[in-house]
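Visitor: Could you walk me through this structure? I have not looked at it before, so please take it one part at a time.

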Amino acid sequence: MNQNSYSDSYRQAGVDVTAGYKSVELMKQYVARTLTPGVVSGIGGFGGLFQPDLSGMQEPVLVSGTDGVGTKLKVAFLMDKHDTVGIDCVAMCVNDVICCGAQPLFFLDYIATGKNIPEKTAAIVSGVAEGCVQSGSALIGGETAEHPDLMPEDEYDLAGFSVGIVDKAKIIDGSKVKPGDALIGLASSGVHSNGFSLVRRVLHLTDSAAAQRRVPELGGTLGETLLTPTRIYVKSMQKLMQAVEVKAVSHVTGGGFYENIPRMLHPGLTAKIELGSFAKLPIFSVIQQAGKISDHDMYNTFNMGIGMCCAVAKEDAQKAVTVLQQAGETASVIGEIVAGEDGVVLC
């Protein structure tokens, strides 16, 4: 830490630059967990350096994804728990990158806060680091910005982006999908990181007491259940891609089934989903009953228990399920591809 770098004037205006330096020192231990062979520079420079291994690739293509945690952060504020939302931030990016078959290489985060409390910032970054470890990404940089007057002192926003790589010939783009192909669903860990504005409204999550309310069917408090981190599917999907030909992949995020699953299909194809083929997690029943939400709106907002969906040849379906289960996923055949222009049909 640079002992000469401080500003009393800036501190009086609400920005403590020395707190930023302390945050960096505290987070270094977490960043170290994520280092991979391609990392060239440590954190603290003006840019993160990464040298990708291009051996065996004919036409390397970079793939990027960016996202934030959204209003799920409000639940973290109510619970005063900040060490898991970083996993959500990474997951929302790397789960997108894997959809086209790319290996995530590195990740950068951005934290904007009303007041930089180094220990809280370090806790946030510990979650980001855990997400990077789960996805095989290196955390090579980021930014923490103190924004007095722009947001309350005890609140923050968190976003980031992932860069991955795939050989052009191995890009998964849905072009090989055809009627008769099987749809494989990978179970979600919960609400993940979408739809929380609706969740907070219907569950009346306005204070800590509401977040701490125990719900018997959830086996814990609302806050604990809702803060369950988004599942990261990268390593499991990589094993699947090595075992069978994966024709298309959809990350089921905001927009639920109706918006996301059709994104992996070309015109003239429809995903026919059998609703009884997978478990709907209890939290979704709690949300639906509390808000008197229609089935359509639930499946058009939430993942409903399926965080990722992929298409494989019918003859590869059982092998795909076995590979995913061996990788630690709860996976099953949840439907098939049929001809049609509906995009997705739930039956």
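Visitor: Let's begin with helix 11; which of its residues are buried?

Guide: In helix 11, which covers residues 282–291, the buried residues are Ile283, Phe284, Val286, Ile287 and Gln288. Buried means under 20% relative accessible area, exposed means over 50%, and partly exposed lies in between, using a 1.4 Å probe and protein chains only. Helices are DSSP runs of H or I with at least four residues, strands are runs of E with at least two, and both are numbered from the N terminus. This is a predicted model, in which local features need pLDDT of at least 70 and side-chain atom pairs count only at pLDDT 80 or more, while totals for chains, interfaces and linings use all residues. Residues are numbered from 1 along each chain as its sequence is written, and side-chain values use heavy atoms, with hydrogens and water left out.

Visitor: What covers those buried residues of helix 11?

Guide: The cover includes helix 6 (196–202), strand 6 (214–215), helix 8 (222–226) and helix 12 (295–299), where contact means heavy atoms within 4.5 Å. Just after helix 11, Lys292 takes a positive phi of about 50 degrees.

Visitor: And the largest nonpolar core, which residues touch the most other members there?

Guide: That core has 89 residues, and Ile184, Leu205, Met237, Phe257, Ile273 and Ile287 touch the most other members. A nonpolar core is a set of buried Ala, Val, Leu, Ile, Met, Phe, Trp, Tyr and Cys residues joined through side-chain atoms within 4.5 Å. Helix 4 gives the most to this core, with 7 residues. Domain 1 (6–168) and domain 2 (179–344) both give residues to it, so the core lies between them; the domain bounds come from an automatic or database domain assignment.

Visitor: What does Met237 touch?

Guide: Leaving aside residues up to four places away in sequence, Met237 touches Ile98, Leu186, Val246, Val249, Met308, Cys310 and Leu324.

Visitor: Changing topic, in what order do the strands of the open sheet run?

Guide: The open sheet has 4 strands in the order 1-4-2-3, with mixed pairing, and two strands pair if DSSP finds at least two bridges between them. Its edge strands are strand 1 (60–68) and strand 3 (138–146), each of which pairs on one side only. The twist averages 15 degrees from one strand to the next. Strand 1 pairs with strand 4 (residues 156–167) in the antiparallel sense over 9 bridges, and Val63 stands opposite Gly164 in strand 4.

Visitor: Where does helix 4 lie?

Guide: Helix 4 (residues 85–97) lies across strand 1, strand 2 (103–113) and strand 4, and runs at about 30 degrees to strand 4. Axes are lines fitted to C-alpha atoms, for helices over the stretch in contact, and angles run from 0 to 180 degrees between N-to-C directions.

Visitor: How many salt bridges are there?

Guide: The count comes to 7 salt bridges, each being a side-chain nitrogen of Lys or Arg within 4 Å of a carboxyl oxygen of Asp or Glu. One of them joins Arg33 and Glu130, with the closest N and O atoms 3.0 Å apart. Arg33 lies in the loop between helix 2 (17–32) and strand 1 and Glu130 in helix 5 (residues 118–135), so the pair ties together parts that are 97 residues apart in sequence.

Visitor: Is Asp181 buried or exposed?

Guide: Asp181 counts as buried, at 2% relative accessibility. Asp181 forms a salt bridge with Lys247, the closest N and O atoms being 3.1 Å apart, and Lys247 is likewise buried at 9%.
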